[in-house]
Amino acid sequence: MTDDSSDRIVAAVRRWLAEAPPGARLPSTRQLVAEHAASPVTVQKALRALAVAGAIESRPGVGNFVRESRAVRSTDHGWQTAALGAPRAVLPRIAGALRAAPEDAQALHSGYPEPGLLPARLVRTALTRATRGGAATTRPPAAGLWELRAWFAAEIAGATPADHPAPTGNDVIITPGSQSALTSAFRALVPPGHPLLVESPTYWGAILAAHQAGVHLVPVASDAEGPVPAQLDRALRETGARAIYVQPTYANPTGAQWSARRSIDVLELARHHGAFLVEDDWAHDFAIDTEPRPLAALDPTGHVVYVRSLTKSTSPSLRVGAIAARGPVLDRLLADRAAESLYTSAVLQQAALEVVTDPGWRSHRRRLRSQLRERRDLLARSIRDHAPSLTVDHLPAGGLHLWARLPDGTDLDRLVRACEDRGVWVASGDEWFPTEPAAPYLRLNFTGPDPASFPTAAASIQAAV
């Protein structure tokens, strides 16, 4: 009765199933309890796992039986080709950053922090409270819970100059993460087939959302301080674009943070051309050496549509984000969100609110800042010492990644496979370019598991190069 794991029972029953004929009845729960010295709860858990896997079928009141095998037939789905017709847009393949690496691999490819860097206790406690309260059985407002909307607005208001109007909860819509927020923003702001200006390189998820919305991506040259104003001005004039997607704070993948002067220049260009700026503040909670400066805080005239998510900084399962905007565009955004998903889960909203208003949230972010600095510096040092073929021109002041240049002529697909053969998973930089890549790059995440292996991983990348 001391073994509370069902894995041993599952393995034993599978051995029994391998020799049993289809339709044979399994030993009763009582027999399995006695045979394996386990509790009835543990045995039932094992049987449920086998049923979910399709190995057995349970007949209430009768028992558990070996599932009858079914013939496997190939099905012709050719009719669907004609019914579907040509796709509305050719979507890029899912980025390599979403691939699941083996447990024993050094995962430098992911876009998420490892669980040890997340506020796990806060999240679990908040989810438990949320499921026990009214959020579990009520429908939230379409725009989201008022308290959470007000919290997002207050985060922007804290950086708003005294002579600018501060945003309120009425300017915020809660979304199921930032990816859906970006898709809604692009659909609401840019008619299909019209141009959307983007920095190059830029976030692969924004490229995917733009393709899904059917808009035409136009890259704009950027430097370490943000989009080059002269290039942006020319692109706005030549294309007639009325929307620009930007990441002023710790851009993904480069880690660049706009200077104060560049932020003002870009805002002035948007005002001059009557264009919207879609600001993706994805790394707001991942500051290291500087503080995040939301562009939305400097905009009193409604040119900035601000997007922020809590998913990366709290938990991948807590998919909660927000869009903040002013004026008629807010109505269009809300209509698009309602058409796609009606509303965001009240349980997830309530849990997110519990996390970010808990005193432990600020303590967690202070600890996280030092952890991010240590990991960033360790990976940068490992590349310098063990992978001299890679060049990191910019040490990011925040975020999760290093943007590493490879030697010209590097076959990236071949390199990624060679790294994986050595147990190191990396993300090809090609996926962050909206058009042809400017050069071969890798995006390397310094918040993955086992940072002590960074030197070994860097040496493996060098060997692959």
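A: Leu236 touches Leu197, Ala241, Ile244, Leu269, His273 and Ala275, leaving aside residues up to four places away in sequence; contact here means heavy atoms within 4.5 Å. The model is a predicted one, in which local features need pLDDT of at least 70, side-chain atom pairs count only at pLDDT 80 or more, and totals for chains, interfaces and linings use all residues. Residues are numbered from 1 along each chain as its sequence is written, and side-chain values use heavy atoms, with hydrogens and water left out.

Leu236 also belongs to the largest nonpolar core, which has 47 residues; Leu236, Phe152, Leu197, Leu232 and Leu277 are the members that touch the most others. Helix H13 (residues 346-357) contributes the most to this core, with seven residues. Such a core is a set of buried Ala, Val, Leu, Ile, Met, Phe, Trp, Tyr and Cys residues joined through side-chain atoms within 4.5 Å. Buried means under 20% relative accessible area, exposed over 50%, and partly exposed in between, with a 1.4 Å probe and protein chains only. Helices (H or I, at least four residues) are DSSP runs, numbered from the N terminus.

A second, separate core has 38 residues, among them Ala97, Leu182, Ala185 and Val329. In soluble globular proteins, nonpolar side chains tend to be buried together.

Charged residues are also part of the picture. Arg237 and Asp233 both lie in helix H9 (residues 229-239), four residues apart. Their side chains meet in a salt bridge (3.5 Å, N to O), that is, a side-chain nitrogen of Lys or Arg within 4 Å of a carboxyl oxygen of Asp or Glu. Arg237 is exposed at 53% relative accessibility, whereas Asp233 is partly exposed at 21%.

Methods:
Helices (H or I, at least four residues) and strands (E, at least two) are DSSP runs, numbered from the N terminus.
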